[in-house]
Amino acid sequence: MGKTVRDLTLDDEHMTIGTDDSLQEAAQRLLSVPGGILVVLSDDHRVKGVIGQRQLVKAVADGVDGTSAKCHEHMEMDLMTVRLENDLKTVLAQVQQRSPQAVVAVDDNDEFIGYFSPSDYQEAVQLVNNLKDLKL
C-alpha cells in the first residue's frame with residue numbers, strides 16, 4: 001500500500017499569521033520558528049501565501065515600515081496545495097516538476113491543515129524509497 005501525505009508530520013516547522021498582521025508581527029513569529037515559514041491565512045483559514053526570511057529581508061532592504069506594512073503585501077504566493085489522501089509518490093513528482101515556493105496541505109473545505117516542509121519532503125522521499133525497496 002502506498003504512503004500518503006497523511007503519513008507525514010505537517011504541524012511543525014511553521015506558524016500561521018493573518019493577511020492583515022504587520023510585518024513586525026511576522027518577524028517576531030518567524031524568530032520562534034528557526035528555519036521555518038509563516039503560512040498566511042485569511043479569516044476563513046484559507047492559505048493566501050507564505051512569508052519566510054527572504055520576504056522579510058527584502059521588505060527591510062526596500063525600506064518598508066514593518067509596523068504598518070501588512071503580510072498580504074509581502075507574501076509569496078507560489079503555492080502548491082495537497083490533500084492528506086494524496087499519494088506521496090505523485091506529490092513528490094509534482095513538487096519536483098513545479099518547484100513551488102511552498103507546499104501546504106488543506107482539507108476538503110480548502111482550510112489549512114499543515115505545511116509540507118523541506119524535511120517533510122526528505123521524509124517522503126525516504127518513505128517512497130523504502131516501499132520501492134520492499135517492492136510494495
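**Reasoning from definitions**

Tutor: Let us begin with one residue pair in this predicted model: Thr 16 stands opposite Val 39 in β2.

Student: What makes β1 and β2 a pair of strands, and in which sense do they run?

Tutor: Two strands count as paired if at least two bridges are found between them. Five bridges join β1 to β2 (residues 37-41), and the two run parallel.

Student: Why are β1 and β3 said to stand at the edges?

Tutor: The open sheet has the order β1-β2-β3, with mixed pairing. β1 (14-18) and β3 (47-51) each have a single partner strand, so one side of each is left without a neighbour in the sheet. From one strand to the next, the twist averages 30°.

Student: Which strands does helix α1 touch?

Tutor: Helix α1 (residues 23-31) packs on the sheet and touches β1, β2 and β3. Touching here rests on heavy atoms within 4.5 Å. The direction of α1 makes about 165° with that of β1.

Student: What is the strand order in the sheet that contains β5?

Tutor: That open sheet of three strands has the order β4-β5-β6, and its pairing is mixed. Its edge strands are β4 (79-83) and β6 (112-116), each of which pairs on one side only.

Student: Where does helix α3 lie?

Tutor: Helix α3 (residues 88-98) lies across β4, β5 and β6, running at about 175° to β4.

Student: What makes a group of residues a nonpolar core?

Tutor: Its members must be buried residues of the nonpolar kinds, joined through side-chain atoms within 4.5 Å. Buried means under 20% relative accessible area. The largest nonpolar core has 15 residues; Val 5, Leu 10, Val 82, Leu 88, Val 91 and Phe 116 touch the most other members. Since these six belong to the core, each is by definition buried. The largest share of this core, four residues, comes from α3.

Student: What lies apart from this core?

Tutor: Another core, of 12 residues, lies apart from it, and its members include Leu 23, Leu 38, Ile 51 and Cys 71. In soluble globular proteins, nonpolar side chains tend to be buried together.

Methods
Residues numbered from 1 in each chain as written. Predicted model: local features only at pLDDT ≥ 70, side-chain atom pairs only at ≥ 80, totals over all residues. Heavy atoms only, no water. Axes fitted to C-alpha atoms, helices over the stretch in contact; angles between N-to-C directions. Buried < 20%, exposed > 50% of the residue type's maximum accessible area, 1.4 Å probe, protein only.
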